[in-house]
Amino acid sequence: MIDEQTKTEQDGSRKLQQFFKEHPKCALAYSGGTDSSYLLYAAVQAGAEVHPYFIKTAFQPQFEVDDAERLAQQLNVPLTVLHLDLLSRSEVTDNPKNRCYYCKKSLFTVLKERAKADGCPLLIDGTNASDQVVDRPGMKALQELSVCSPLRACGLTKPEIRELSREAGLFTWNKPAYACMATRFPAGRQITAELLRRVEGAENALFKLGFTDFRVRLYADAARLQFPQDQMTRAVQKRADIRRQLNPYFQTVLLDLAGR
């Protein structure tokens with residue numbers, strides 16, 4: 001007997017397949033994360049002609065590009081990587097509270113222009129039914145540019161997408177959400193290439209120590225580490241290793257006891 005959760009997943013999956021039957025050619029804003037990876041898979045399964053685009057900026061670490069390329073290769077879909085210098089835009093580097101609006105507007109404007117030039121009239125993204133749209137400046141930019149979000153339209157939530165991805169054999173099924181590195185800066189703090197380099201270096205060091213789903217946030221000139229609660233004890237036990245590995249990037253390292 002099929003449980004209610006499985007029915008919901010199957011219903012959302014069918015709706016998504018129908019979406020691609022009705023829109024057989026589209027461009028995908030592809031991040032290499034769980035949501036856009038499943039969306040790419042679903043498009044391929046439906047026989048759609050889908051063109052995934054990854055925009056590399058100073059705000060995405062290299063592992064995100066690597067994951068995007070790996071999944072695209074797994075699905076045998078050519079991936080286009082575009083480069084955009086967001087650090088040349090003062091409305092972004094000044095880091096106002098609605099910075100995400102300016103980032104998304106820049107990113108998706110470039111994507112729409114490239115997609116149109118490549119003959120793709122429809123641009124889609126991986127926003128899902130779990131994503132909140134209230135008080136999210138980035139969502140406003142997507143709406144203004146008429147970006148379509150099939151996962152959200154089909155009612156698929158994050159947990160459902162993870163389960164469907166697991167069943168499909170996608171390695172991204174349990175990949176932790178990873179917000180762009182600009183979110184490590186408090187609003188009003190100038191975003192610079194040097195500070196981004198230090199944050200990325202510190203986060204790479206923590207990955208190598210075996211930590212996951214954490215954040216290295218700026219606090220004055222210190223690194224404020226946020227770990228999930230189930231990794232907090234280990235972080236305290238490994239404090240000497242953490243301090244040694246992060247020393248090239250930050251002289252002061254703080255542990256946020258509230259966690260993530």
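Predicted model: local features only at pLDDT ≥ 70, side-chain atom pairs only at ≥ 80, totals over all residues.
Residues are numbered from 1 along each chain as its sequence is written, and side-chain values use heavy atoms, with hydrogens and water left out.

Me: Is the pair formed by the rings of Phe207 and Phe214 stacked or tilted?
Reply: Rings of Phe, Tyr and Trp (its six-membered ring) pair if their centres lie within 6.5 Å, and planes under 30 degrees apart count as stacked, over 60 as edge-to-face and the rest as tilted. The centres of the Phe207 and Phe214 rings are 4.8 Å apart and their planes stand at 50°, so the pair is tilted.

Me: Which of these, buried or partly exposed, describes Phe214?
Reply: Buried means under 20% relative accessible area, exposed over 50%, and partly exposed in between (1.4 Å probe, protein chains only). Phe207, at a relative accessible area of 32%, is partly exposed. Phe214 has a relative accessible area of 2%, and is therefore buried.

Me: Over which ring does the charged end of Arg234 sit?
Reply: A charge sits over a ring if NZ of Lys or CZ of Arg is within 6 Å of the ring centre and within 35 degrees of the ring normal. The charged end of Arg184 sits over the ring of Tyr178, 4.9 Å from its centre. For Arg234, the charged end is 4.5 Å from the centre of the ring over which it sits, that of Phe211.
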